[in-house]
Amino acid sequence: MSALEIVRIPVLSDNYVWLVHDPDSKATMVVDPAVADPVLEAASARSWTITDIWNTHWHPDHTGGNAAIKEAAKAWGGCTITGPAAEFARIPTLDVQVKGGDRVMLGAHLAEVWDVPAHTAGHIAYHFAQDEAIFVGDTMFAMGCGRLFEGTAEQMFANMQQFAALDDATRVYCAHEYTLSNARFAVTVDPDNGALVDRLAAVEAARAAGEPTVPTTIGAERATNPFLRAPTAAELGRIRALKDAA
Ligand code: ZN
Ligand code: FE
């Protein structure tokens, strides 16, 4: 089985759409298309045809391109849109509704669906265990976590514990370039963490050079992400509130 090819497509002000291609089956999937045109262009530049869209949650900056990509895909046999069953009412373009424990395939590559409520009530993640990759939407970011729009600190803490149990090498594909802001906040709540101080410097250099900082890895997050490292839900809630006010 060939490795998945994963392409980062920066759109809007700070969103990342992920284009995921299986060279064996030629299946090509898009995670959270905020918009359609840059995604269709990125696929066509590689002579790939989009066969699937996987949404993590209903927010328009994750689903806004669904309908136009599906329309364009009629030219090559169509594409199937998969997303959270609990948010079906808010993602009317969904063809397939999934929930935690379900399995979805891209060619022969298997992803398990995780329920990760808190940013939105029905938020899901897609974990490719064998490929050591997880698409987390707006649940976790490099050195950060999503805002608690429709859930609690307890739920987000449970999500972080689930992520923390993955292998260090697992690549984490999040949906925004929030890393610099997150790193600057993280050092204020964990100032004695040398790995975090070093990472802030590296991220400042990368962003100054216009380079992306995502994907991250579980290992890097375990070392530096104050939300993943929070010992209790109460502590996660405390620092989330501080970040919201920052
Ligand atoms: Zn969101
Ligand atoms: Fe978002």
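E13 pairs with strand E14 (residues 216–217) in the antiparallel sense, over two bridges. Two strands count as paired if DSSP finds at least two bridges between them. Helices (H or I, at least four residues) and strands (E, at least two) are DSSP runs, numbered from the N terminus. Across this pairing, valine 172 stands opposite threonine 216 in E14. Strand E13 (residues 171–174) also pairs with strand E10 (residues 133–137), here in the parallel sense and over four bridges. Phenylalanine 135 faces tyrosine 173 in E13 as its opposite residue. Strands of a sheet pair through backbone hydrogen bonds, either parallel or antiparallel.

## Basis of the model

This is a predicted model: local features need pLDDT of at least 70, side-chain atom pairs count only at pLDDT 80 or more, and totals for chains, interfaces and linings use all residues. Residues are numbered from 1 along each chain as its sequence is written, chains are lettered from A and ligands numbered from 1 in the order in which they are written, and side-chain values use heavy atoms, with hydrogens and water left out.

## The six-stranded sheet

An open sheet holds six strands in the order E1-E2-E3-E4-E5-E6. Its pairing is mixed. Strand E1 (5–11) and strand E6 (96–98) are the edge strands, each pairing on one side only. On average, neighbouring strands of this sheet are turned by 20° against each other, direction ignored. Axes here are lines fitted to C-alpha atoms, for helices over the stretch in contact, and angles run from 0 to 180 degrees between N-to-C directions.

E1 and strand E2 (residues 15–21) are antiparallel partners, joined over seven bridges. Arginine 8 has tryptophan 18 in E2 as its bridge partner.

## The metal site

Four residues coordinate the zinc ion (ligand 1): His57 (NE2), His59 (ND1), His119 (NE2) and Asp138 (OD). The distances are 2.2 to 2.3 Å. Donors are N, O and S atoms within 2.8 Å of the metal (3.2 Å for Na, K and Ca); water is not among the atoms, so sites may look incomplete. The angles among the four donor atoms of the zinc ion (ligand 1) are 89 to 171°, and the site is irregular. Four donors count as tetrahedral if all angles lie between 85 and 135 degrees; four count as square planar and six as octahedral if opposite donors are over 155 degrees apart and all others between 65 and 115; anything else is irregular.

In sequence, the donor residues of the zinc ion (ligand 1) follow the spacing H-x1-H-x59-H-x18-D. The iron ion (ligand 2) is 3.2 Å from the zinc ion (ligand 1), and aspartate 138 coordinates both. Histidine 59 sits in the loop between strand E4 (52–54) and helix H2 (60–63), and aspartate 138 in the loop between E10 and strand E11 (140–141), so the pair ties together parts 79 residues apart in sequence. Histidine 59 is buried, at 12% relative accessibility. Aspartate 138 is buried too, at 3%. Buried means under 20% relative accessible area, exposed over 50%, partly exposed in between (1.4 Å probe, protein chains only).

## Around proline 84

Proline 84 belongs to strand E5 (residues 80–84). Proline 84 is buried, with 1% relative accessibility. Setting aside neighbours within four places in sequence, its contacts (heavy atoms within 4.5 Å) are Asn55, Thr56, His57, Ile91, Leu94, Val98, Gly122 and Ile124. Leucine 94 is 10 residues away along the chain, with a C-alpha separation of 8.6 Å from proline 84.

## Salt bridges

The whole structure has 12 salt bridges. The criterion is a side-chain nitrogen of Lys or Arg within 4 Å of a carboxyl oxygen of Asp or Glu. Lysine 70 bridges to aspartate 95, with the closest N and O atoms 2.7 Å apart. This pair links distant parts of the chain: lysine 70 is in helix H3 (residues 66–73), aspartate 95 is in the loop between E5 and E6, and they are 25 residues apart. Lysine 70 is partly exposed at 28%, and aspartate 95 is partly exposed at 40%.

Lysine 74 pairs with glutamate 71 in another salt bridge, at 3.0 Å between the closest N and O atoms. Lysine 74 is exposed at 58%; glutamate 71 is partly exposed at 48%. Glutamate 150 forms a salt bridge with arginine 90, at 3.6 Å between the closest N and O atoms. Glutamate 150 lies in the loop between strand E12 (144–145) and helix H4 (153–164) and arginine 90 in the loop between E5 and E6, so this pair ties together parts 60 residues apart in sequence. Shared partners also join Arg147, Arg240 and Asp244 into one salt-bridge network.
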